[in-house]
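Subject: A structure for you to look at

Hi there,

Here is the structure I promised to pass on to you. Please have a look at it first, and then read my notes below.

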Amino acid sequence: MKKLATVILMLTLLCTFSACSGSSDKTSDLQGEYFDFAQKYRLDYIPYFDDSAPKDSSEYLMWAFAVNLDNWGEDKGTMCAQYIEDIVQKHFNVTDLTHNSLPKCWDYADGVYTAVPGGINPLPIVILRSYEENETNGQTIYQITLDFCSSKTYGAYPDDEQYQKIRQAIVKDDYADLEIYQSDSFTFYLANGEPVFISHQNISQ
């Protein structure tokens, strides 16, 4: 009987360890996934809003430019109004956008935005702090909390290889090189595999 109890205890501990290991692997996967997500969708440029996304195009211009940065080719200094309308509708579900200039960044005239020469933020570095999924009217709603960080080692503009090293460290829960400068929450759902943002809040203390 004593021997049987020992076996049961060992099996229980093994199952508990396996469950914890699986959870740890899942967290690591999510850290890497949302590091990539933040860079692909330039979460550092998404406007802040609750429930209803802004209808003023100037709120989106830097985001719309940055999220498509590698595809501008020779037209890197201009964006057409139709592109802005399409991408904002796709990712924020706004259909009645008002077109306006963004002072010192983008001038608007005759359906075209023209860039005022200037810099652009580096790709964001983020740590996933919380993750939730909820069902609402048959739709999966995702809510994530991210810490936005800078690298003490690689400076303001890491190169591609350095970003990968930072990502690998984050996946391993190694944050020694990072300094948090703000924390934000994002709520969104997926439509055809692409995020549609419902809210973006700054929650830094």
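In what order do the elements of the protein run from the N terminus on? The order is α-α-β-α-β-β-β-β-α-β-β, which comes to 4 helices and 7 strands. Helices (H or I, at least four residues) and strands (E, at least two) are DSSP runs, numbered from the N terminus.

Before the details, please keep in mind that this is a predicted model, in which local features need pLDDT of at least 70 and side-chain atom pairs count only at pLDDT 80 or more, while totals for chains, interfaces and linings use all residues. Residues are numbered from 1 along each chain as its sequence is written, and side-chain values use heavy atoms, with hydrogens and water left out.

**The whole chain**

The protein has 205 residues, and 37% of them count as buried (buried is under 20% relative accessible area, exposed over 50%, partly exposed in between, with a 1.4 Å probe and protein chains only). Its accessible surface is about 12,100 Å², with 51% belonging to carbon and sulfur atoms; the areas come from the Shrake-Rupley method with a 1.4 Å probe, and for residues only the protein chains shown count as cover. Taking contacts (heavy atoms within 4.5 Å) between residues at least 6 apart in sequence, 65% join residues at least 24 apart.

**The cores**

A nonpolar core is a set of buried Ala, Val, Leu, Ile, Met, Phe, Trp, Tyr and Cys residues joined through side-chain atoms within 4.5 Å. The largest one here has 37 residues, and Tyr-34, Leu-43, Met-79, Ile-84, Phe-92, Leu-146 and Phe-197 have the most contacts inside it. Two or more residues each come from α1 (2-40), α2 (61-66), α3 (81-92), β4 (125-136), β5 (139-151) and β6 (178-191). The most come from α2, which gives 6 residues. Another core, of 8 residues, lies apart from this one and includes Phe-35, Ile-125, Ile-127 and Ile-166.

Leaving out residues up to four places away in sequence, Met-79 touches Leu-61, Ala-64, Phe-65, Trp-72, Ile-84, Trp-106, Gly-111, Val-112 and Tyr-113.

**The strands**

Strands count as paired if DSSP finds at least two bridges between them. The β4 and β5 pair has 11 bridges, and Glu-135 has Thr-140 in β5 as its bridge partner.

Elsewhere, β3 (residues 112-115) runs antiparallel to β1 (residues 78-80), joined by 3 bridges, and to β2 (residues 106-109), joined by 4 bridges. Cys-80 is opposite Val-112, while Tyr-108 has Tyr-113 as its bridge partner. The hairpin of β2 and β3 has 2 residues between the strands, and Asp-110 in the turn has a positive phi of about 55°.

**The cysteines**

Cys-80 is partly exposed at 39% relative accessible area, whereas Cys-149 is buried at 4%. The whole structure has 0 disulfides (pairs of cysteine sulfur atoms within 2.5 Å).
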